[in-house]
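Hi,

Here is the structure I promised to pass on.

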Amino acid sequence: MDFDAAPAEQPCAVCDKPARTRVHTGCRERIDANLRELPALYRQLPDALHPGRRGGDGRNGSRTAPLPCNVDALDLLGRGGIEGVVGGWARDLCEREQWDVPQFGTIVATVDWACGILGLNLALICDEHPAVREMADELRAITGQARRLVTGEKPPRRIGVVCSCGRTLRVTLDTAGVRCPACSAQYGHSEALRLPLAERRAA
Ligand SMILES: [Zn+2]
Ligand SMILES: [Zn+2]
């Protein structure tokens, strides 16, 4: 193998680590895995809406005492939730490529179409799309959120990182990004995780 003939390393457009392609194969595969998981998660989310439903008396027809509803699951299921993220990126792709954007009657059909077209064109997106990092960050965050609601797994631990202005920012390992409330600096996923860790104060 002649590595001297390989293209020079450049920072990966998603994670910033040196890469010989615009986006690492591993980074592309993680985007692809999220796109393949989201349609199934979307169909499982309704079960997360009423986590206590199983304990109820199914024969009671009364509608006066609605069960508590998981609003996070409701947000992800509605327009602007999973549909907003994948549909937004799919419409953006269609506009860039001058393809027609189909209209769908249901949100789940939009989710299926969007995940499908983004997955099919992922090589193109990784080679050319100027915002591939934002897309990867948003897909990682929303897939993690949906997966936690479906499985009941605990949210990822928050860690403190220090903004260049000195303010401590709380982020999770799957953060899509964070904006500093003090100086308005905006950090993407990998930038936020590269900030220095906040020192734990002695108790
Ligand atoms: Zn990468
Ligand atoms: Zn700041």
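Ser 184 counts as exposed because it has 9 C-beta neighbours inside 10 Å (the cut-offs: buried means 20 or more other C-beta atoms within 10 Å of a residue's own, exposed 12 or fewer, partly exposed in between, with C-beta atoms placed from the backbone). Ser 184 sits in the loop between β5 (177-179) and β6 (186-188), and its phi is positive, near 70°, though the residue is not glycine. Most residues other than glycine have a negative phi. Helices here are DSSP runs of H or I with at least four residues, strands are runs of E with at least two, and both are numbered from the N terminus.

Before I go on: this is a predicted model, so local features need pLDDT of at least 70 and side-chain atom pairs count only at pLDDT 80 or more, while totals for chains, interfaces and linings use all residues. Residues are numbered from 1 along each chain as its sequence is written, and chains are lettered from A and ligands numbered from 1 in the order in which they are written.

Gln 98 is another non-glycine residue with a positive phi, about 60°. You'll find Gln 98 in the loop between α3 and α4, and with 6 C-beta neighbours inside 10 Å it counts as exposed.

Beyond its neighbours within four places in sequence, Leu 38 is in contact (C-beta atoms within 7 Å) with Ile 82, Val 86, Val 111, Cys 115, Thr 143 and Ala 146. α1 also bends by about 35° at Tyr 42, with Pro 46 following within four residues (the bend is the angle between axes fitted to the seven residues ending there and the seven starting there).

Last, the hairpin: β3 and β4 have five residues between them, and Gly 166 in the turn has a positive phi of about 105°.

Cheers

Definitions and conventions
Two residues are in contact if their C-beta atoms, placed from the backbone, lie within 7 Å. Two strands pair if DSSP finds at least two bridges between them.
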